[in-house]
Amino acid sequence: MRLGVLISGRGSNLQALINACNDPNYPAEIAVVVSNRSDAKGIDVALDAGIPTSIVDNTKYSAGTQFEDILNQTLLLHRVDLVVLAGFMKVLSAHFLNNWPNRVINIHPSLLPKYKGLHIHERVLQAKEITTGATVHWVTPELDGGPIIASTPVTVMDNDSVQTLADRVLEAEHVLLPLIVKVIAESKAFN
Ligand code: GRF
């Protein structure tokens, strides 16, 4: 299964997928990494792994559908089967998503449906939650609102800071995302 990984930043989940794909028995490969930001560190992660990259800078396009159309064409060009949002900070509209029915997943650092959006770990600590986690879900036009595929719980410690909690949730993400991509790639419903 050919993956199109969409990023906007650091690329640690991308690195986790690259590591998984390095196993010859893993049922997926990364066909292209697309960033909407030219300064995303994840671009270097992809280049170091010899993966084709593309920058589709949303700020270069006026409001409307042009950005999503170019994104769509880029993914088609690389014959992508599954689109993986791994820290991609642009909300995709139905205009784009209708081209990829049940073909776009996202990793989010909370136990959805709780804590959609941004500043998740701050809000989790403020609410004195005892458990948080990471979730992979299908992407719909509603931000972080699509059907949940799987999540991993992470215990919140009394002495957690935003950083220590974020680090532990990120570790869980790095296990969950490659696992779910594997499950989808091996699923009869998908193929
Ligand atoms: C991750 O926490 C992911 O869940 C969220 O954005 C962050 C991306 O981190 N959507 P990275 O770029 O994969 O390191």
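**Around the ligand and along the loops**

Visitor: How many aromatic pairs does a search of the whole structure find?
Guide: Rings of Phe, Tyr and Trp (its six-membered ring) pair if their centres lie within 6.5 Å. Run that over the whole structure and the count of aromatic pairs is one.

Visitor: Which class does the pair of Phe96 and Trp100 fall into?
Guide: Planes under 30 degrees apart count as stacked, over 60 as edge-to-face and the rest as tilted. For Phe96 and Trp100 the centres are 6.4 Å apart with 25° between the planes, so the pair is stacked.

Visitor: What kind of model is this?
Guide: Residues are numbered from 1 along each chain as its sequence is written, and side-chain values use heavy atoms, with hydrogens and water left out. Local features need pLDDT of at least 70 and side-chain atom pairs count only at pLDDT 80 or more, while totals for chains, interfaces and linings use all residues, as this is a model that is predicted.

Visitor: Which side-chain atom of the protein sits 2.5 Å from a ligand oxygen, and in which residue?
Guide: The residues around the ligand (a heavy atom within 4 Å) include Arg10, Asn13, His108 and Leu170. Polar contacts here are pairs of N or O atoms within 3.5 Å; within protein, one must be able to donate a hydrogen and the other to accept it, and residues adjacent in sequence count only if both atoms are side-chain atoms. A polar side-chain atom of Glu173 is 2.6 Å from a ligand oxygen, and a polar backbone atom of Ile107 is 3.1 Å from a ligand nitrogen. At 2.5 Å from a ligand oxygen there is an N or O atom in the side chain of Ser12.

Visitor: What share of the ligand's accessible area does the protein cover?
Guide: Areas come from the Shrake-Rupley method with a 1.4 Å probe; for residues, only the protein chains shown count as cover. On its own the ligand has 370 Å² of accessible area, and the protein covers 85%.

Visitor: Which elements give two or more residues to the shell around the ligand?
Guide: Helices (H or I, at least four residues) and strands (E, at least two) are DSSP runs, numbered from the N terminus. The elements that qualify are helix H1 (12-21), strand E5 (104-108) and helix H6 (162-186).

Visitor: Is Leu111 buried, partly exposed or exposed?
Guide: Leu111 is in the loop between E5 and helix H5 (120-126), and its C-alpha is 9.4 Å from that of Ala150, 39 residues apart along the chain. Buried means under 20% relative accessible area, exposed over 50%, partly exposed in between (1.4 Å probe, protein chains only). Leu111 has 25%, so the label is partly exposed.

Visitor: Where is the proline of the cis peptide bond with Leu112?
Guide: Leu112 and Pro113 are joined by that bond, with omega about 15°. Pro113 is found in the loop between E5 and H5.

Visitor: What is the relative accessible area of Arg79?
Guide: Arg79 has a positive phi of about 50° although it is not a glycine, and it lies in the loop between helix H3 (66-77) and strand E4 (82-85). Arg79 is exposed, at 57%.

Visitor: Which residue's side chain makes a polar contact with Asn58?
Guide: Asn58 is in the loop between strand E3 (53-55) and H3, and it is buried, with a relative accessible area of 19%. A polar contact of 2.9 Å joins its side chain to that of Asn36.
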